[in-house]
Amino acid sequence: MKLVFATNNPHKLEEVSQILGDKIEVLSLADINCNVDIPETSDTLEGNALLKAEYIYQNYGFNAFADDTGLEIEALNNEPGVYSARYAGEEKSAQANMLKVLEKLEGIENRRAQFRTAISLILDGKTYLFEGIIKGTIIKEKRGEAGFGYDPIFIPDGYNKTFAELGNDVKNEISHRALAVNKLCEFLA
C-alpha cells in the first residue's frame with residue numbers, strides 16, 4: 001500500500017518511515033511534486049492534521065495521512081499545544097521554543113507535560129483519526145543530542161533520560177507519534 005505523508009518536516013518523515021518499516025510505502029510531498037507549505041489554520045491538532053490530509057487527497061488524488069503534534073504543559077494551561085512548532089515565533093526555532101518553555105516554567109514546581117499526536121488518514125474518501133499520548137516531565141536544562149523539537153527537555157514517564165538522550169530507536173518505540181502511527185498500522189492491517 002502507498003500512502004502520502006503530508007509533511008514538509010524531514011525529521012517527522014524519517015521517524016514515521018522508521019516506525020512503519022516495510023509495512024507501508026510512505027511517499028513524501030516531494031515524491032508527488034507537492035511543493036506547497038500546507039496551511040495549518042485550525043486551533044486543534046486534529047483539525048490541522050485533517051487540513052493537511054484533505055489537501056493531498058483533494059488536490060493530488062492520493063490516499064494520505066498527516067499528523068500534528070503538540071507539547072501540552074499542565075502549569076501553562078496546556079501551552080504550547082497546537083502552537084508548539086512556532087511557540088517562540090514564525091521562524092519555528094526549536095532552540096527558541098525550548099528557551100521560552102524553560103523561561104515560563106522558571107520557579108514553577110509542577111513540570112508535568114505530555115506530547116500528543118493526532119493523525120488524520122483519508123483512505124478512499126473516508127476520514128479516520130488516531131491519537132498517541134506520552135506523559136512526562138519538563139526538566140530545567142537541555143540534555144541530549146538526538147531527536148528534534150522539545151526532545152532535549154522532555155523525560156517520558158518511566159525513564160530518567162530525555163527523548164534526546166534515549167535516541168531514536170527507543171523514542172520510536174515509545175513516543176506519542178509511535179503510538180499514533182502504530183494505531184494507524186493496526187487499522188491498515
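## Helix H5

Let's begin with a helix towards the end of the numbering. Helix H5 covers residues 176-188, and its 13 residues reach 19 Å from the first C-alpha to the last, close to the 18 Å expected at 1.5 Å a residue. Please keep in mind while you look around that this is a predicted model.

Which residues of H5 are buried? They are His176, Arg177, Ala178, Ala180, Val181, Leu184, Cys185 and Leu188. An α-helix has 3.6 residues a turn, so residues three or four places apart point the same way. The buried residues of H5 have several packing partners: the strands E1 (2-5), E3 (64-73), E5 (112-123) and E6 (126-138), together with the helices H1 (10-20) and H4 (163-174).

Within helix H5 you will find arginine 177. This residue counts as buried because its relative accessibility is 3%, and the cut-off for buried is under 20%. Leaving out residues up to four places away in sequence, arginine 177 touches Lys12, Glu15, Val16, Ile19, Asp67, Thr69, Thr117 and Phe148.

Is glutamate 15 buried or exposed? With a relative accessibility of 4%, glutamate 15 counts as buried. Again not counting residues up to four places away, glutamate 15 touches Phe148, Lys171, Asn172, Ser175 and Arg177.

## Where H1 meets H4

Two packed helices are described by the angle between their axes and the distance between the axes. For H1 and H4, the axes come within 10 Å and cross at roughly 65°. The crossing in which H1 passes H4 is right-handed.

Which residues meet here? From H1 come Glu15, Gln18 and Ile19, and from H4 come Asn168, Lys171 and Asn172. The residues of this contact divide into 1 nonpolar, 3 polar and 2 charged.

In soluble globular proteins, nonpolar side chains tend to be buried together. Here the largest nonpolar core has 20 residues, and those that touch the most other members are Leu71, Ile73, Val101, Ile138, Tyr150, Ile153 and Phe154. At least two residues of this core come from each of E3, H3, E5, E6, strand E7 (154-156) and H4. Apart from it lies another core, of 18 residues, including Ile19, Ala178, Ala180 and Cys185.

Setting aside neighbours within four places in sequence, isoleucine 138 is in contact with Leu71, Ile73, Val101, Leu102, Leu105, Arg111, Ala113, Ile153 and Phe154.

Now turn to helix H2 (45-60). H2 has 16 residues and reaches 23 Å from its first C-alpha to its last, close to the 22 Å expected at 1.5 Å a residue. Its buried residues are Leu45, Gly47, Asn48, Ala49, Lys52, Ala53 and Ile56, and what covers them includes E1, E3 and E5. Just after H2, glycine 61 takes a positive phi of about 75°.

Strand E5 is the place of serine 120. Serine 120 is buried, with a relative accessible area of 2%. Beyond residues up to four places away in sequence, serine 120 touches Ala49, Leu50, Ala53, Ala64, Phe65, Ala66, Thr127, Tyr128 and Leu129. Serine 120 and leucine 29 are 91 residues apart in sequence, and their C-alpha atoms are 16 Å apart in space.

## Backbone details

Where is the cis peptide bond that has an omega of about -5°? It joins glutamate 79 and proline 80. Proline 80 lies in strand E4 (residues 79-80).

Asparagine 33 is not a glycine, yet it has a positive phi of about 60°. Asparagine 33 sits in the loop between strand E2 (25-27) and helix H2, and it is exposed, with a relative accessible area of 61%. Lysine 92, likewise not a glycine, has a positive phi of about 55°. Lysine 92 lies in the loop between E4 and helix H3 (94-104), and it is partly exposed, with a relative accessible area of 43%.

Key:
Residues are numbered from 1 along each chain as its sequence is written. This is a predicted model: local features need pLDDT of at least 70, side-chain atom pairs count only at pLDDT 80 or more; totals for chains, interfaces and linings use all residues. Side-chain values use heavy atoms; hydrogens and water are left out. Helices (H or I, at least four residues) and strands (E, at least two) are DSSP runs, numbered from the N terminus. The expected span of a helix is 1.5 Å times one less than its number of residues. Buried means under 20% relative accessible area, exposed over 50%, partly exposed in between (1.4 Å probe, protein chains only). Contact means heavy atoms within 4.5 Å. Axes are lines fitted to C-alpha atoms, for helices over the stretch in contact, and angles run from 0 to 180 degrees between N-to-C directions. A crossing is left-handed if the near helix is turned anticlockwise from the far one by less than a right angle, and right-handed if clockwise. Ala, Val, Leu, Ile, Met, Phe, Trp, Tyr, Cys and Pro count as nonpolar, Asp, Glu, Lys and Arg as charged, and the others, Gly among them, as polar. A nonpolar core is a set of buried Ala, Val, Leu, Ile, Met, Phe, Trp, Tyr and Cys residues joined through side-chain atoms within 4.5 Å.
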